[in-house]
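Okay, I'll keep this short.

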Amino acid sequence: SVFEFCKGSFLVFNTRNFLFSAFLSGFCVGFGGICVHFQTFAVCEGLPLNKLEFVKFKAIHGVLCGFFCVLYMLIKIFLL
């Protein structure tokens with residue numbers, strides 16, 4: 001899920017831990033993958049884009065999305 005968005009989201013479901021799978025799914029959606037970052041850098045060539053901060057904030061976004069996916073799954077499990 002770190003390198004490529006689509007393949008990572010499919011491989012996440014091979015893990016046996018349900019909550020870990022939920023976290024990785026959310027992280028995959030929030031982070032987007034390194035390949036998407038390189039595409040963004042290519043499109044923004046010549047613009048004032050701080051690449052290190054971009055990756056840092058996308059990682060934070062991924063962690064937050066992963067956390068909310070786990071929270072959603074816990075609510076879903078305990079309410080059913």
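**Helices around α4**

So, the crossing of α2 and α4 is right-handed, meaning that the near helix is turned clockwise from the far one by less than a right angle. Before I go on: this is a predicted model, where local features need pLDDT of at least 70 and side-chain atom pairs count only at pLDDT 80 or more, while totals for chains, interfaces and linings use all residues. Numbering starts from 1 along each chain as its sequence is written, and side-chain values use heavy atoms, with hydrogens and water left out.

Back to that pair. Helix α2 is residues 18-31 and helix α4 is residues 51-79; helices here are DSSP runs of H or I, at least four residues, numbered from the N terminus. They pack at about 145°, axes 7 Å apart. The axes are lines fitted to C-alpha atoms over the stretch in contact, and the angles run from 0 to 180 degrees between N-to-C directions. The residues of that contact split into 16 nonpolar, 5 polar and 1 charged, with Gly counted as polar.

Now α4 itself. It has 29 residues and spans 42 Å from first C-alpha to last, close to the 42 Å expected at 1.5 Å a residue, where the expectation is 1.5 Å times one less than the number of residues. At its N-terminal end, N50 is the cap, with a side-chain oxygen 3.2 Å from the backbone nitrogen of L52. Which residues of α4 are buried? They're G62, G66, V70 and M73, buried being under 20% relative accessible area with a 1.4 Å probe, protein chains only. α2 is part of what covers them, going by contact, which is heavy atoms within 4.5 Å.

Over in α2 we find S25. Why does S25 count as buried? Because its relative accessibility is 19%. Its side chain reaches the backbone oxygen of S21 at 2.9 Å, and, leaving aside neighbours within four places in sequence, S25 is in contact with V12 and F13.

Last one: α3, residues 34-43, which holds H37. α3 passes α4 in a right-handed crossing too, at roughly 145°, with the axes coming within 11 Å. On the α3 side you have H37, T40 and F41, meeting K51, F54, V55 and K58 in α4. That contact divides into 3 nonpolar, 2 polar and 2 charged. H37 counts as buried because its relative accessibility is 2%, and among the residues it touches beyond four places in sequence is F31.

Terms used
Helix = DSSP H or I, 4+ residues; strand = E, 2+ residues; numbered from the N terminus. Buried < 20%, exposed > 50% of the residue type's maximum accessible area, 1.4 Å probe, protein only. Polar contact = N/O pair within 3.5 Å; in protein donor to acceptor, adjacent residues only side chain to side chain.
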